[in-house]
Amino acid sequence: MTGGATNWNGLVERGGAVRFIDINLRGVGQVFFQNNPLTGLLFLAAIVWSAYAAKTPAIAVGAVVGLVVSTTTAILLRSDATSLRQGLFGFNGVLVGVAVPTFLAPVPAMWPLLVLGAAVSTVVMLAVSKVMKSWGTPALTFPFVLTTWFLILSAHSFGRLPIDGIAPPHLPQAVEAFPIVDFNAALLGVSWIKGVAQVFLIDNWVAGLLILLGLVVSSVWAAVFALLGSAAGLAGAVLLGAAVSDIDAGLYGFSPALTAIALGCVFYQLSWRVALFALLGAVFTVIVQGALDAALAPVGIPTFTAPFVFVTWLFLLPRADFEPHRHEPIERALLKDK
Amino acid sequence: MTGGATNWNGLVERGGAVRFIDINLRGVGQVFFQNNPLTGLLFLAAIVWSAYAAKTPAIAVGAVVGLVVSTTTAILLRSDATSLRQGLFGFNGVLVGVAVPTFLAPVPAMWPLLVLGAAVSTVVMLAVSKVMKSWGTPALTFPFVLTTWFLILSAHSFGRLPIDGIAPPHLPQAVEAFPIVDFNAALLGVSWIKGVAQVFLIDNWVAGLLILLGLVVSSVWAAVFALLGSAAGLAGAVLLGAAVSDIDAGLYGFSPALTAIALGCVFYQLSWRVALFALLGAVFTVIVQGALDAALAPVGIPTFTAPFVFVTWLFLLPRADFEPHRHEPIERALLKDK
Amino acid sequence: MTGGATNWNGLVERGGAVRFIDINLRGVGQVFFQNNPLTGLLFLAAIVWSAYAAKTPAIAVGAVVGLVVSTTTAILLRSDATSLRQGLFGFNGVLVGVAVPTFLAPVPAMWPLLVLGAAVSTVVMLAVSKVMKSWGTPALTFPFVLTTWFLILSAHSFGRLPIDGIAPPHLPQAVEAFPIVDFNAALLGVSWIKGVAQVFLIDNWVAGLLILLGLVVSSVWAAVFALLGSAAGLAGAVLLGAAVSDIDAGLYGFSPALTAIALGCVFYQLSWRVALFALLGAVFTVIVQGALDAALAPVGIPTFTAPFVFVTWLFLLPRADFEPHRHEPIERALLKDK
């Protein structure tokens, strides 16, 4: 593995197509804060596998197109070279590329919209980063969320962009709680893994395992916190009585999983104190997931990763003075003991 | 009184339980910007009285739990000691503790939600303070508003958190204006006092008098501006033809009352010019109250003190350069003449 | 013309009523970023003409009242003299003054609301400017948008403020696409010009020509980008299948027109690169227009110029470090070559 990594890094240094591929793969990895091309490759494999299994090839193609367009836009806009090399201009684009074909019917007009959205996601990344940098806080996936909210919302106003796979706009309605004892342990286990996969809007547990493998090759702690976060989301949703179809699909797991990784082992230095703080954040993310599901129902758009973004911002802002921590490779953070 | 205050301060200096109680009482007082434990005690008395009168003990218990949890969280997070001692980490928590049992049915799941919300309100306080400090502007009660919006919104998605006491989500509907001449002067007087009490979500005029007493022992001007603001809210709502049940309950008074105090005698130095500016702010708060009532109707949550927060931010931001003013005891501000 | 300008500037220097008129006329011109009193006069003529043609005199009166009130408020608040002289405290007020009588019935209560809104728009201008200045970005017309959203939203809660000319609150509904081949070229040309006029909420092509003339006397490039932006909006809306009545009225043109001017020749230095960037922004503004139309439908308010504001902020923030550019007369920006 180390030998392979050395060879790859040597090829990347020569520039050209290999470097461009490296940047793009790191971009996919950064969806989970991993600056690692192999992680990105495994994440892409998860996307392709689930698109194959669900017979939705447009999603796999969209992911690659969104990724390449957003990265290329960053190059054309002469963005910061270090950030570019770390893939920080790819992770929003790949998510735009997955989300658009997931929620819009595969009509011709969808493709230019996807390309436009991926290009704009880079502009939004630069804008949000500039604002949040004032308080030493990263943009997270908010550029993806904001851009894709605009794209999907606009489809409600445009006759040639039919929406597919979102409940029509409706007022929030009372949810009936599913008896806790009637949950099936095996199915809950599947939902647990799906929670990780839903970060890429994937409802497929095999893809979830591929994503966890991608995390493990980069950072075991990231995989651990992903599973802890998804479990916290699952437990919270079951106990509070969320809609059982959402629980089954892992829709209460993906944002807490990201919150747990971000707070637990990326932006703070791992410790018991930090782990408890991350758990508090992950649990509150379940509340914000339920809240945004209700708030966005009347306008007919999904929350995407907004619950993760809002909670992580709120939990990062307070400590930014005391413990500044760059978006560095996670291993370095783990070495420092508190 | 002065002797009593001296004795109390002496006990507080020794630390321990008395200091903890002092911090918590100041936290209640800070809902109206008063760094004064006696004020806080009278405010708590108002909450307890109205909970007793309305046979809603959960609200009184919730207030104390929310207060203690948010203060304790601030201690555990090693927050700024001066801010802590002034009660700045208690006022959002006590409001969360009042709001949750007011709008959710008293089911078992409500209590952990209340504790979670109170703890998170301290994190949000730190986060919002950090952002707003960039422009020399305080967080006000926005941490309470944001946290509790998330909590109550989420109840729409969770079957084991039944909502109680909020109109179900609905599209804004035309309101029929009540003839001005048909208003009863005595009832308007009651609504005037209730307007002050509704800061704590209390629909009880005796509690309103207790709150005014709590203001008087700390700052007569704060009481004066509270009454002026509530009157401006009442007058605006009557003249513009707001829903008569909202007018009666004092729901158009509480945000203008807070705006008037904040602008008139806390964050600006009292003068005729400032008083006029505060009046403009209080009147515009009535508009924003009506606006947010309509905007939030489709998602089924109350505005809480958001109209006060938004208007006060807009009216504080412009002058922050010229007249910086710390969140100091109000008496010192009054001493300085312009 | 130059002689007339010299004479006028001489009169303005003497102060008094002429200077006050000059400031107000520049305020109207600044709606399109033009610090030019003749431009402002031609814009006012467009407003008066369309009010005359549509028999809505309240709109013309409202425009002048809103303008004068917001400018006077800025003087009373002792705002920055240079900004004041450039008309930067008038453009939000004139838009408030046009919008309120456009969307509220001409009842007595409308007039104090308009005056209150115009005065507050100056406070909001100071507040938003202070915040956005942190990132070298202007407030744009957001003070108008925010203030007027509050005013119109509040009318849903007040019986004595009947709304007129907005669809009642409704959930977003699917739009039927109009066949592209069935569009009439002449009518599209009219919509193209109306797109420019709709910045002032005017559905009248003669007024659109007057506005274009006002731009030409100050900056030919501003007129060119206005037409390019409106064309981009029209083309995008036709291709994506927007509601044909909105297309006809120019409602997809006005925000892209402003985005194109702002990005193309006001805040960046004109070049081919910048022109392409401005075009990307203008096209994305069409998406955001469709998005906000859907998002605001449930609360029954128009988008106003929010799509322009949000997109222009997102497209200005990234480059603010590299190419700082004051809100200067546009001619100077054009002289510098890149």
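Where in chain A is the place of A:Leu201?

1. A:Leu201 sits in the loop between helix H9 (185-197) and helix H10 (205-218) of chain A. Helices here are DSSP runs of H or I with at least four residues, strands are runs of E with at least two, and both are numbered from the N terminus. A:Leu201 has a positive phi of about 60° although it is not a glycine. It is also buried, with 22 other C-beta atoms within 10 Å. Buried means 20 or more other C-beta atoms within 10 Å of a residue's own, exposed means 12 or fewer, and partly exposed is in between, with C-beta atoms placed from the backbone.

2. Some ground rules before going on. This is a predicted model, where local features need pLDDT of at least 70 and side-chain atom pairs count only at pLDDT 80 or more, while totals for chains, interfaces and linings use all residues. Residues are numbered from 1 along each chain as its sequence is written, and chains are lettered from A and ligands numbered from 1 in the order in which they are written.

3. Now chain A as a whole. It has 16 helices and zero strands. Its radius of gyration (over C-alpha atoms) is 19 Å, close to the 20 Å that the globule rule gives for 338 residues, so chain A is as compact as a globular protein of that length. The rule is 2.2 Å times the number of residues to the power 0.38. Along the principal axes, the C-alpha atoms of chain A fill a box of roughly 60 × 50 × 40 Å. Of the 338 residues, 60% count as buried. Among contacts in chain A between residues at least 6 apart in sequence, 72% join residues at least 24 apart; a contact means that two C-beta atoms, placed from the backbone, lie within 7 Å.

4. Chain A splits into domain 1 (8-162) and domain 2 (177-338), with bounds that come from an automatic or database domain assignment. The contact between them takes 35 residues from domain 1 and 36 residues from domain 2. On the domain 1 side, the elements giving two or more residues are H3 (37-53), H6 (91-103) and H8 (142-155) of chain A. H3(A) supplies the largest share, ten residues. By class, that side has 23 nonpolar, twelve polar and no charged residues. For the classes, Ala, Val, Leu, Ile, Met, Phe, Trp, Tyr, Cys and Pro count as nonpolar, Asp, Glu, Lys and Arg as charged, and the others, Gly among them, as polar. The domain centres, taken over C-alpha atoms, are 20 Å apart.

5. Chain C touches both other chains. Towards chain A, 26 residues of chain C are in contact with 26 residues of chain A. The elements of chain C giving two or more residues to that side are H14 (272-296) and H15 (306-316), and H14(C) gives the largest share, ten residues. That side of chain C has 21 nonpolar, three polar and two charged residues.

6. Towards chain B, 26 residues of chain C are in contact with 26 residues of chain B. Here the elements of chain C giving two or more residues are H7 (110-133) and H8 (142-155), with the largest share, nine residues, from H7(C). By class, this side of chain C has 17 nonpolar, seven polar and two charged residues.

7. C:Ala242 is worth a click. It lies in the loop between H11 (220-240) and H12 (244-248) of chain C and counts as buried, with 27 C-beta neighbours inside 10 Å. Not counting residues up to four places away in sequence, C:Ala242 touches residues including A:Ser157, A:Phe158, C:Tyr252 and C:Gly290.

8. On to the core. The largest nonpolar core has 385 residues, and A:Ala226, A:Ile261, B:Ala226, B:Ile261, C:Ala226 and C:Ile261 have the most contacts inside it. Such a core is a set of buried Ala, Val, Leu, Ile, Met, Phe, Trp, Tyr and Cys residues joined through C-beta atoms within 7 Å. Leaving aside neighbours within four places in sequence, B:Ile261 is in contact with residues including B:Phe32, B:Phe33 and B:Ala226.

9. One more backbone check, in chain B. B:Phe304 has a positive phi of about 50° although it is not a glycine. B:Phe304 lies in the loop between H14 (272-296) and H15 (306-316) of chain B, and is buried, with 27 other C-beta atoms within 10 Å.
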